[in-house]
Amino acid sequence: MPEGIVAMTISLSTGALATFFAIMLWPRTRDIAWMLVIIGIIIHYGALVFQALEVFGIARVQLDDPVAAELLRAILTNVPLVFYIIASLVMIKRRD
């Protein structure tokens with residue numbers, strides 16, 4: 001069994017569950033902070049799925065510059081954190 005398959009399977013499973021519940025929560029909230037968290041969860045799961053597809057050779061980032069390809073992967077991995085940060089700032093601002 002290739003390395004990381006168990007970890008990837010667990011990540012995809014928990015990500016799918018989190019995404020499912022986030023989508024279920026979406027129509028029940030109009031709060032901007034919660035919407036940002038939901039968007040972050042969905043983007044995070046998309047990044048996980050893309051990484052899994054890359055591991056299995058189904059999807060590839062084909063850029064001529066290897067630095068640009070790594071930068072794209074880093075951005076894809078960290079965009080959900082940006083949404084979580086903004087959501088946290090909205091909540092902090094609301095408390096003042």
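1. Let's start with helix H3, residues 66-95: its 30 residues reach 44 Å from first C-alpha to last, close to the 44 Å expected at 1.5 Å a residue. The expected span is 1.5 Å times one less than the number of residues, and helices here are DSSP runs (H or I, at least four residues) numbered from the N terminus.

2. Before going on, note that this is a predicted model, where local features need pLDDT of at least 70, side-chain atom pairs count only at pLDDT 80 or more, and totals for chains, interfaces and linings use all residues. Residues are numbered from 1 along each chain as its sequence is written, and side-chain values use heavy atoms, leaving out hydrogens and water.

3. Where does H3 bend? At Asn78, by about 35°, with Pro80 following within four residues. The bend is the angle between axes fitted to the seven residues ending there and the seven starting there.

4. Now look at Thr29, in the loop between helix H1 (5-25) and H2. Thr29 is buried, at 10% relative accessible area. Leaving aside neighbours within four places in sequence, Thr29 is in contact (heavy atoms within 4.5 Å) with Trp34, Met35 and Ile38.

5. Last, a residue to check by eye is Phe20, which counts as partly exposed at 46% relative accessibility.

Methods. Helix = DSSP H or I, 4+ residues; strand = E, 2+ residues; numbered from the N terminus. Buried < 20%, exposed > 50% of the residue type's maximum accessible area, 1.4 Å probe, protein only.
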